[in-house]
Amino acid sequence: MKPRISMITLGVSDLAASIRFYEEGLGLPRMESPPEVAFFTLNGTWLGLYGREALAEDAGVSSEGSGFSGIALAHNLASEEEVDELLEQAVAAGARLVKPGQKVFWGGYSGYFADPDGYLWEVAHNPFAWVGPKDE
């Protein structure tokens with residue numbers, strides 16, 4: 001296996017609402033996609049949105065489940081101020097603030113929001129190293 005993640009696909013309950021959240025609310029660039037799925041380019045990988053039932057069917061598993069899914073997506077930024085601004089933007093777009101931006105045990109600054117389907121996003125500033133591809 002090559003060391004990369006090509007795409008992260010989220011199974012969503014309302015595709016249209018999730019598209020609005022990510023495209024209009026967070027400003028992610030949407031790619032041309034078939035109507036039953038949406039793709040966004042993320043500077044080195046893709047984010048896919050697909051109906052929860054359809055994604056579960058594709059994987060051959062049950063779509064039932066609730067609570068913590070055992071995964072959090074992360075978006076790193078260059079400053080604490082940018083973390084707070086993105087958390088505010090996400091909430092204004094319909095996210096639920098899970099944890100406000102704050103100093104954390106490892107020496108950085110981060111907070112969490114949940115998207116309309118409850119997927120957790122950590123928004124972080126790491127003062128020690130840049131994580132992920134550099135912004136273009």
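Thank you all for coming. Before anything else, please keep in mind that what we are looking at is a predicted model, and that the values I quote are computed from its atoms.

Let me begin with the salt bridges. How many salt bridges does a search of the whole structure find? The search gives two, and I would like to take them in turn. One of them joins the side chains of Glu23 and Arg30, with a distance from N to O of 3.8 Å, a value that falls inside the 4 Å limit used for such a contact. Both partners sit in the middle class of accessibility: Glu23 is partly exposed because its relative accessible area is 30%, and Arg30 is likewise partly exposed, its relative accessible area being 36%.

The other salt bridge brings together the side chains of Glu80 and Lys103, and here the N to O distance is 2.6 Å. Glu80 belongs to helix H3 whereas Lys103 belongs to strand E6, residues 96–103, so this pair ties together parts of the chain that are 23 residues apart in sequence. As for accessibility, Glu80 is partly exposed, with a relative accessible area of 25%, while Lys103 is exposed, with a relative accessible area of 59%.

To give a sense of distance, the C-alpha atoms of Ala92 and Glu82, which are 10 residues apart along the chain, are separated by 15 Å.

Now to the aromatic side chains. By the ring-centre rule used here, the count comes to six aromatic pairs. Among them is the pair formed by Phe21 and Tyr22, which is edge-to-face, with 4.9 Å from centre to centre and 90 degrees between the planes. Are these two residues, Phe21 and Tyr22, buried or exposed? Phe21 is buried, and Tyr22 is buried as well. The ring pairs also extend into a cluster, in which Phe21, Tyr22, Phe40, Phe113 and Trp121 are linked.

Finally, let me walk through some loop residues, starting with a backbone angle. Most residues other than glycine have a negative phi. Against that background, Asn43 has a phi near 55 degrees, which is a positive value in a residue other than glycine. Asn43 is placed in the loop between strand E3, residues 37–41, and strand E4, residues 46–51, and with a relative accessible area of 27% Asn43 is partly exposed.

Gly44 is found in the loop between E3 and E4 too, but Gly44 counts as exposed, since its relative accessibility is 74%.

The remaining loop residue is Pro35, which is found between strand E2, residues 30–31, and E3. Pro35 counts as exposed, as its relative accessibility is 73%. From C-alpha to C-alpha, Pro35 and Ser79 are 37 Å apart in space, and in sequence they are 44 residues apart.

That brings me to the end, and I am glad to take questions.

Notes
Residues are numbered from 1 along each chain as its sequence is written. This is a predicted model: local features need pLDDT of at least 70, side-chain atom pairs count only at pLDDT 80 or more; totals for chains, interfaces and linings use all residues. Side-chain values use heavy atoms; hydrogens and water are left out. Rings of Phe, Tyr and Trp (its six-membered ring) pair if their centres lie within 6.5 Å; planes under 30 degrees apart count as stacked, over 60 as edge-to-face and the rest as tilted. Buried means under 20% relative accessible area, exposed over 50%, partly exposed in between (1.4 Å probe, protein chains only). Helices (H or I, at least four residues) and strands (E, at least two) are DSSP runs, numbered from the N terminus.
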